[in-house]
Amino acid sequence: MLTSSAFTGLSWSPVTDVRTLFTFPFMQHALAAGTIVAVMAGVIGWFMVLRRQTFAGHTLSVTAFTGASAASLAGVPVAVGYFGICGLGALALAAVAGPRRSLGAESAATGSVGALALALGFLFVSLYHGILTGLDSLLFGTFLGITSSQVLVLLVVAALTLVVVALAARPLLFASVDPDVARAGGVPVRLLGLGFLLVLGLAVAETSQITGALLVFALLVTPAAAAHRITARPFAGVVLSVALALAVTWLGLALAYFSVYPVGFYITSLSFAVYVLARVLT
Amino acid sequence: MLAQEFMRNALVAGSVVGIACGLVGWFVVLRAQVFAGDALSHVAFTGALAAAALGIDLRAGLFFATILGGVVMGALGDRARTDDVVIGTLFAWTLGLGVLFLSIFTTNGSGANGTAGVRVLFGSIFGLSTADVRTSVVLAVVAVVVLAAMARPLLFASLDGAVAAAQGVPVRAIGLAFLGLVGLVAGEATQAVGALLLLGLLAAPAGAAHRLTTRPYAGLGLSALFALGSVWLGLSLSYVFPTLPPSTMIIATAVGIYVAAMSLPPLRRLVG
């Protein structure tokens, strides 16, 4: 994967190795972007696991692929496609997941939205006369070639989303844990649900730019699920989830830098190992 | 259209895959296991690419992985219904492994092309050989026969697990066997519409059928019919407009049927 002539490989001296990591601008950008994404995914993911909306999150991650391929076809910046289509996907999910449906009907609806999004994404890629490596990196992510303006966009969106979540955290927690009591207590449960799906869409759009549309789950679900197993306290859980996501991202990027295998493989495997550890230990 | 051999192969394979998906999908939606089906489709991707990386027959890896995945998922679930967080965590890792195999395959593959990943993800129904079609037909028949054999206890266990268990129905074993069967069908459908899109064939026709009727036999029939219709219409559209990929058109038709069914009232009220 890496062909730079300045690339030296592992030197068996941790200080030198860490310094090597920060030598190249592309790696600095990748680490900055990875950090932003991990913090955001850790927070939003914790709420998503709490609300049992894993399938919805997965479906949104699939729409991220559609967004990116549509943007490539239309010739607009990929980030526009990610954020636009994920927002639309969140609205579509909120619309199909009515409050009175059975579990089976709701999952069929979510699955149909996801399959349609993927089918459209594939159509756009075919119409684009897709460069196939481009398709792979849309689906499975790449940490090469992230520009500083992309990092800035990631930072702004993440900051906005986290502020919104922080402001709504208490009612959102209440509505997630016990929707009926929350509704009786005057909390706008439906509105919060819609708002959370939109925030989730944004988070997914951010994450897929690093991990690719298919591997979003590794940062969004797995660290959060491990945190939920370790502690039930909300604040500690969110902090732990962020810490795990950060650790996995940094280690994954570093490993990918020093080896030939893709970053998505390292990030998913590391976070899965963390989850298994959490399950075994608790 | 029927004069072309590739088109005949695609229609035959697509039809059996559609019927199998429609029938199994009806139970998947009834048991609210669409997410498990989705996870199995990702397992299919990893299995096929692992086989490609190892240089053995793609389909061996595909079916081995999906059936194993189904059984593992059934075994991991504490109760009859598997935990969606467990599923999500497992399949994130499975996909990560798939990416590893993809990169091994594309860097080491001797004389192989770099499109294997795309083919597995999005299917290649127009590229099926007559031998492929024969295998699909045999496997689909096996899947449908197994489903028919376990249909009554499965229905009972899905609708009311506690009562069924009290009556001596082996609820857990049936749940396991069913996920294994979903794995088999997922492997089948991967060849036709690809690992990423088979969810559309499992969920959309069945979702539409559940919306229109609650009667089991009518629902199963409708679901199979919708899936079959989606495959035929999708293939024809793709034949007429060659720029549109067949898997996209099949899924788009299936989702179109689903949306139409959602906007109709249940059949019972239509008929009277």
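Predicted model: local features only at pLDDT ≥ 70, side-chain atom pairs only at ≥ 80, totals over all residues.
In chain A, 74% of the contacts between residues at least 6 apart in sequence join residues at least 24 apart.

Chain A has 282 residues, and 51% of them are buried.

| Chain | Residues | Buried residues |
|---|---|---|
| Chain A | 282 residues | 51% |
| Chain B | 272 residues | 57% |

In chain B, taking contacts with a separation of 6 or more, 77% are between residues 24 or more positions apart.

### Where the chains meet

How many residues of chain A are in contact with chain B? There are 42 of them, and they touch 41 residues of chain B. On the chain A side, the elements giving two or more residues are helix 3 (54-74), helix 5 (103-127), helix 6 (132-140), helix 10 (216-220), helix 11 (222-230) and helix 13 (263-281) of chain A. Helix 5 of chain A gives the most, with 18 residues. Sorted by class, the side of chain A that touches chain B has 28 nonpolar, twelve polar and two charged residues.

Helix 13 of chain A, one of the elements on that side, deserves a look of its own. Its 19 residues reach 27 Å from the first C-alpha to the last, close to the 27 Å expected at 1.5 Å a residue. The buried residues of helix 13 of chain A include A:V263, A:F265, A:Y266, A:I267, A:L270, A:F272, A:V274 and A:Y275. Also buried in this helix are A:G264, A:T268, A:S269 and A:S271.

### A helix pair inside chain B

Now turn to chain B and find helix 1 (residues 5-30) and helix 6 (residues 130-159) of chain B, whose axes lie 9 Å apart at an angle of about 20 degrees. Because of that angle, helix 1 of chain B is roughly parallel to helix 6 of chain B. The crossing between helix 1 and helix 6 of chain B is left-handed. Among the residues that make the contact, helix 1 of chain B supplies B:V12, B:V16, B:I19, B:L23 and B:F27, while helix 6 of chain B supplies B:V133, B:V137, B:A140, B:V144 and B:L147. By class, this contact has 17 nonpolar, four polar and one charged residues.

In chain A, A:R52 sits in the loop between helix 2 (25-50) and helix 3 of chain A. The phi of A:R52 is near 55 degrees, a positive value in a residue other than glycine. Is A:R52 buried or exposed? A:R52 counts as exposed because it has 12 C-beta neighbours inside 10 Å.

In chain B, look at B:A32, in the loop between helix 1 and helix 2 (34-54) of chain B. B:A32 has a phi near 55 degrees, again positive in a residue other than glycine. With 18 other C-beta atoms within 10 Å, B:A32 is partly exposed.

Key: Residues numbered from 1 in each chain as written. Chains lettered and ligands numbered in written order. Buried ≥ 20, exposed ≤ 12 C-beta atoms within 10 Å, placed from the backbone. Contact = placed C-beta atoms within 7 Å. Axes fitted to C-alpha atoms, helices over the stretch in contact; angles between N-to-C directions. Helix = DSSP H or I, 4+ residues; strand = E, 2+ residues; numbered from the N terminus. Parallel < 35°, antiparallel > 145°, perpendicular 65-115°, else oblique. Left-handed = near helix turned anticlockwise from the far one by under 90°. Nonpolar A, V, L, I, M, F, W, Y, C, P; charged D, E, K, R; others polar. Expected span 1.5 Å × (residues − 1).
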